[in-house]
Amino acid sequence: MKGMKTTIAAVAALLVAGTAQADPVKVGMITTLSGGGAGLGIDARDGFMLAVKQANNPELSVVIEDDQRKPDVAVQLADKMIQQEKVDVLTGIIWSNLAMAVVPSAVAQEKLYLSVNAAPSQLAGKGCNANYFSVSYQNDNLHEAAGGYASSAGYEKAFILAPNYPAGKDSLAGFKRFFMGDIAEEVYTKLGQTDYAAEIAQIRASGADSVFFFLPGGMGIAFMKQYAQSGVDIPLIGPAFSMDQGILGAVGDEAIGFKNTSNWSKDIDNPTNKAFVETFQAEYGRLPSLYASYGFDTANLLLSAMGKASISDKEAFRDALRAADFNSVRGKFVFGPNQHPIQDIYVREVVKEGDVLTNKIVGIALSDHADAYASECSM
């Protein structure tokens, strides 16, 4: 009987511990679901919610709101979620100017923020915070890889182009950090711009042997269509955002052959990624994008932490997040000291598979790559 009582007591203790670890977690997802760039937010939301559905964890709830790609709207929604909805975790923001409007205040109020995309340099270096995790990358990373690729491909004079907002500035800084050639011209466009006639004329006259452009969402669609129609034949190079799944379908066959850099691709060969691509396509009727992959990983990171610690013990929960004990669609995944990923970044080429335009990996641009700002983080 004594042994039986001991066993019962041990089981009871485990149940109590399990109950403590299963404290409810409420997530506030603020993302872009309407207007320009809506496709990016929709993909991030759908990837996140696919992981939530698959986990079927009754202790996890999600409130979703549309920021309309407006910083003031995002701030109002964050205040509402923190003050009224009493969320534990915030996520979802796509655009870095919105992230800079929301994240510093949220983490100062001891809310955890898990980024599905935006990761401006200001939050990676001196502005790092124990409550802020970037699951995607640091803004410069994919652009650094593009600069390295451009040099290795033999390009010597690049025309570089991006929107005038934090991620645009990070993108061109990242490209220049790893590009060994000369910059023909460095041009910043208006965020949300759709007419690129003037910029294409500048490219034509620049004497550049390559064009690096970071124009996510509808901006990239407009630029690539107009570039193809212009007859300018200078090779285009971009990060994945400029040639991601949602953009390719809208641009058409003119995109075939273009090179881009990415930390995710649907053909990364691991069981988690294969299952993600298959189940996302079955659930939503389309191939997942980069943004969808980040959303999926972010939800699974959060779920892994919920299995290890109670959200009421903030330090233990942060430790569980830092451990990153989940199966990422990218394969290996670890956080650096500033809670941004250290990861491989690939070179992809746009191809056509049947009737569908997509990307395939053609090489590795950077291995186990960290960001340039981690040394500035005193966390």
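Modeller: Please keep in mind that this is a predicted model. With 90° about the S-S bond, the link between Cys128 and Cys377 is right-handed. Cys128 sits in the loop between strand S4 (112-115) and strand S5 (132-134), while Cys377 belongs to the segment after strand S13 (356-369), so that the pair links distant parts of the chain, 249 residues apart.

Colleague: How far apart are the sulfur atoms of Cys128 and Cys377?

Modeller: A disulfide is assigned when two cysteine sulfur atoms lie within 2.5 Å, and a search of the whole structure finds 1 such link. Cys128 and Cys377 form a disulfide, and the distance between their sulfur atoms is 2.0 Å.

Colleague: Does Cys128 count as buried or exposed?

Modeller: The cut-off for buried is under 20% relative accessible area. Because Cys128 has a relative accessibility of 13%, the residue counts as buried. Cys377, at 14% relative accessibility, is likewise counted as buried, and for Cys128 the answer is therefore buried.

Colleague: At what angle do helix H5 and helix H6 pack?

Modeller: Two packed helices are described by the angle between their axes and by the distance between those axes. For helix H5 (residues 141-152) and helix H6 (residues 166-178), the axes are 7 Å apart and the angle is about 35°.

Colleague: What is the handedness of the crossing in which H5 passes H6?

Modeller: The contact involves, among others, His143 and Gly147 of H5 together with Ser171 and Phe175 of H6. By class, this contact has 4 nonpolar, 6 polar and 2 charged residues. The crossing of H5 past H6 is right-handed.

Conventions: Residues numbered from 1 in each chain as written. Predicted model: local features only at pLDDT ≥ 70, side-chain atom pairs only at ≥ 80, totals over all residues. Heavy atoms only, no water. Helix = DSSP H or I, 4+ residues; strand = E, 2+ residues; numbered from the N terminus. Buried < 20%, exposed > 50% of the residue type's maximum accessible area, 1.4 Å probe, protein only. Axes fitted to C-alpha atoms, helices over the stretch in contact; angles between N-to-C directions. Left-handed = near helix turned anticlockwise from the far one by under 90°. Contact = heavy atoms within 4.5 Å. Nonpolar A, V, L, I, M, F, W, Y, C, P; charged D, E, K, R; others polar.
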